[in-house]
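Let's take a walk through this model together, one neighbourhood at a time. Keep the sequence and the 3D view open as you read.

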Amino acid sequence: MRCYWLAMLLILLPLRVDAQTFIVQAVVQGSDVQWKHILPTDGGDTLLWQPVVSNEATSAWVPGGLVSFPSSNVTFTGPGPSFDAYVDIKGFQYHIGGSGAVEGADASSLPGSVNWTFSPPEISLVGAGVRAARWLEHMSPTSPFAFIRPIFAVDDASIADGLLSTGAINGTYRGRVDFSVTYFIKSYQGVAMPRVRQHSLVIELIYEPNQVMSASISGSLSMTADYDVVAKTVSAEAIAGVNIVGNFHSGVSLTLRRESAGDVYQLEHEHGDNAIPYSLDCIGTGASRCEAFKWIHSGVNAYPAFNIVVDRPQTVINFDLKMSYGKDMETRAEDVLSGLYQETLWLSIEPIL
């Protein structure tokens, strides 16, 4: 019985497996993906070096790459619907620290194809089933490497499309890729023993779905007076279109700011001795609708801020602003002086979070 357990120990020892997790984060605002602490490297992107959690001393070792390529179709879950995005684990890197390893004997007797780059103190292996061409030897048994990190590629477009197409809400979404890396160490008896490290790359997406990228106004709110000689009244109206481009899950919030002082929204005569209260209506088009139709009514702003809401995620919001006077409340012609009347308005646009 004692011999049986000893034999089992000798069989299991070469199959030692270590595990470690890498985390990468990105802030996603609309379709804009901004990665944190990602670095370009040979064959893709990588992270800051991460200290090795556990390792065993050896007099020589052969770096190895991925055991196999994991699936590149990764599912992300969070506060909203789940979605899939493209994450490709391409290879692995080692940092030998201060081990002082130097290239030694040929490693052609070991399984795997050769695909490595050794630029001390860094080692890169791109691909699956690959290894270094030579043994790396130490003066005395020591930890073969001090830091590690994966080589990977993430498709930003698939992340943005996945979030937008599922109508994802604000929050953090996580995806995980599990992969294994193998290398060889030399035992005290001079035997090459395989070692496997099982790793996970966790991708955290901090999603802020609403983002305003640009805004423009077409048309003009310049009005020409229309006199009714019978009723002895004057009126006018003009319509301008507003186009907002970005990524919107809920819509946008609009706020007016005036250059003129006072609570009454009115057009001031160029000489400052007369004024005409005006109205401003919001007219939603398509999938966009105004929560407040009559924004300003005869000089009174009933909604300091109101929303343009959308029925589903949108990249464009269109609506019209109609300015008028003498329509809601008659304006007598005798109360209006000839000349130019004007008002300066600033329209603030913010996404609804």
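**A hairpin to start**

S119 stands opposite E122 in β12. The model is a predicted one, so local features need pLDDT of at least 70 and side-chain atom pairs count only at pLDDT 80 or more, while totals for chains, interfaces and linings use all residues. Residues are numbered from 1 along each chain as its sequence is written, and side-chain values use heavy atoms, with hydrogens and water left out.

Strand β11 covers residues 116-119 and strand β12 residues 122-126; helices (H or I, at least four residues) and strands (E, at least two) are DSSP runs, numbered from the N terminus. A hairpin joins β11 to β12 through two residues. The two strands pair in the antiparallel sense over four bridges, where pairing asks that DSSP find at least two bridges between them. Look at β11 from both sides: W116 and F118 make up its covered face, and T117 and S119 its uncovered one.

From here we can turn to a helix. In α2 (residues 156-165), the residues S158, I159, A160, G162 and L163 are buried. Buried means under 20% relative accessible area, exposed over 50%, and partly exposed in between, using a 1.4 Å probe and protein chains only. An α-helix has 3.6 residues a turn, so residues three or four places apart point the same way. After α2 comes G167, whose phi is positive, near 65°.

Now for the aromatic rings. The structure holds 15 aromatic pairs. Rings of Phe, Tyr and Trp (its six-membered ring) pair if their centres lie within 6.5 Å; planes under 30 degrees apart count as stacked, over 60 as edge-to-face and the rest as tilted. F83 and Y173 have ring centres 6.0 Å apart and planes at 55°, so this pair is tilted. Because F83 lies in strand β8 (residues 83-95) and Y173 in strand β16 (residues 171-186), the pair ties together parts that are 90 residues apart in sequence. F83 is buried at 5% relative accessible area, and Y173 is buried at 0%.

W295 and F306 form another aromatic pair, edge-to-face, with 4.4 Å centre to centre and 85° between the planes. Here W295 sits in strand β26 (residues 294-297) and F306 in strand β28 (residues 305-310), so the parts tied together are 11 residues apart in sequence. W295 is buried, with 0% relative accessibility, and F306 is buried too, with 4%. Elsewhere, ring pairs link F22, W61, F92, Y94, F145, F179 and Y183 into a cluster.

A charge sits over a ring if NZ of Lys or CZ of Arg is within 6 Å of the ring centre and within 35 degrees of the ring normal. The charged end of R149 sits over the ring of W49, 3.8 Å from its centre, and K186 lies over the face of W135, at 4.7 Å from the ring centre.

Which cysteines does the disulfide join? It links C282 to C290, with an S to S distance of 2.0 Å; the cut-off for a disulfide is a pair of cysteine sulfur atoms within 2.5 Å. The structure holds one disulfide. The torsion about its S-S bond is about -60°, so the disulfide is left-handed. C282 is buried at 1% relative accessible area, and C290 also counts as buried, at 17%.

Our last stop is H271, in the loop between β22 (266-269) and β23 (275-277). H271 is exposed, with a relative accessible area of 62%. The C-alpha atoms of H271 and Y341 are separated by 9.0 Å, though these residues are 70 residues apart along the chain.
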